[in-house]
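Colleague: I am new to this structure. Please take me through how to read it.

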Amino acid sequence: MIEKILVLGGKGGVGKSSISAATAVLLSDLLPDKRILLISFDMAHNLSDLLSKDIGNAITPLTSNLWAIEPDANDYAEKYTRDLVKKMKTLMKQMPLVGMIPQIEEFIDTTFTSDSIPLALKNAMFFQKILDAEDINSQDVQFDIIIADFPPTANMITLFEIPEDQVKVVLKYSLNFYNSIKGAMHNFSKMFRQLLKPFNDDYEKRKELGKEIFNMMVVLEKRGERISELIHTVGSLRLVSIAEKPSFEEVKRARDLTNKYINLDAVHINMIIPKKHAKKCDFCGQISTIQQRYLVEIKSEFKNEKIWESNRLKEEPIGLDGLRKLAREIYNDASAYDILDPKA
Ligand SMILES: Nc1ncnc2c1ncn2[C@@H]1O[C@H](COP(=O)(O)OP(=O)(O)OP(=O)(O)O)[C@@H](O)[C@H]1O
Ligand SMILES: [Mg+2]
């Protein structure tokens, strides 16, 4: 059973992936009895780079109790929508006019595929597929803790929004598609009027198919509700910022846009120039002065949240050991309990 889902969000390049991976490695060290999954929900996956290990679209072991995956959204969209797409295609082909023309059949086959599903919807699909308890339980490994490295804010919001509105999105997508075909065919309608007559006999068949599609939509909607509920209960958002204006503004926006989906528990302020170095050079000193100002602002804005501060390290936090160093920098000697439930 999933006990906790940590979601790391924030502006591009602030350290979301590094902090996700560092947190995952530290928790796996601290909690040897828990099974932990680190998952990238950013289409531009980079966990492989951070971990110096090929991960890709398969659950890959990193330690004895930590696994990682960089899911291929297309692959999930394909699996997830195969039946639905097949039925929708059949329905479209059985529609009067549309189904009459051989080229249209080919057009439907080549256009109405999982490749043409909007990216945001695809992302949301694999987000749900991975989090859905039924699917997780069908994996060889079951997970207690999931650490989700999210894309920058705008794409993060769609991951939360779509599970709730997914059916609407799928319907709208299908309708747009159908209308585009119908629109294109409109001018030919007179020509085909005579030919259409026999198609009215297929009405019953279409009705049956329509019912099946409706049932699939209901299943989709239920899954969406299940995931939204799961995120409400065990999800914990951690926003990552650096001590600069654009990143600070973005975490404020991200907080406001996500608060109806997930609880914000902590804010990371990353890449701080250590004070002892700030004194050593003018350049570092000037940057540090700005950072200290934003540190105060961020802490005051997020005074109800746990603040985790982390200095900029001299070495890139790469590989398990590099990430352990970053984790120590962030969490010092905090317990796993403090990390998982910083507000408790
Ligand atoms: N505290 C730190 N000290 C030194 N380097 C860091 C620190 N945190 C992150 N980095 C480095 O900064 C770069 C960006 O980090 P990362 O890829 O984790 O950011 P991100 O927010 O996930 O970016 P994106 O929005 O592109 O996904 C990486 O090269 C990473 O190794
Ligand atoms: Mg990243």
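**Reading the sheet and its neighbours**

Modeller: Begin with strand β1 (residues 4-10): six of its seven residues are buried, so β1 is largely enclosed by the rest of the structure. Buried means that 20 or more other C-beta atoms, placed from the backbone, lie within 10 Å of the residue's own; 12 or fewer means exposed, and in between is partly exposed. Helices (H or I, at least four residues) and strands (E, at least two) are DSSP runs, numbered from the N terminus.

Colleague: What should I know about the source and the numbering?

Modeller: This is a predicted model: local features need pLDDT of at least 70, side-chain atom pairs count only at pLDDT 80 or more, and totals for chains, interfaces and linings use all residues. Residues are numbered from 1 along each chain as its sequence is written, while chains are lettered from A and ligands numbered from 1 in the order in which they are written.

Colleague: How do I read strand pairing, and which strands does β1 pair with?

Modeller: Strands of a sheet pair through backbone hydrogen bonds, either parallel or antiparallel. Two strands pair if DSSP finds at least two bridges between them. Here β1 runs parallel to β5 (residues 145-149), with five bridges. Leucine 6 faces isoleucine 147 of β5. β1 also pairs with β6 (residues 235-242), parallel, over six bridges. There, valine 7 stands opposite leucine 237.

Colleague: In what order do the eight strands lie?

Modeller: The order is β3-β4-β2-β5-β1-β6-β7-β8, in an open sheet with mixed pairing. β3 (60-63) and β8 (306-311) are the edge strands, each pairing on one side only.

Colleague: How do I read helix packing, and at what angle do α1 and α13 cross?

Modeller: Two packed helices are described by the angle between their axes and the distance between the axes. The axes of α1 (16-30) and α13 (residues 319-331) come within 8 Å and cross at roughly 95 degrees. Therefore α1 is roughly perpendicular to α13. The bands are: under 35 degrees roughly parallel, over 145 roughly antiparallel, 65 to 115 roughly perpendicular, the rest oblique. Axes are lines fitted to C-alpha atoms, for helices over the stretch in contact, and angles run from 0 to 180 degrees between N-to-C directions.

Colleague: Which residues come nearest to ligand 1?

Modeller: Of the 18 residues around ligand 1, the nearest are Gly12, Gly15, Lys16, Ser17 and Ser18. A residue counts as near if its C-beta atom, placed from the backbone, lies within 6 Å. α1 gives the most to this shell, with three residues.
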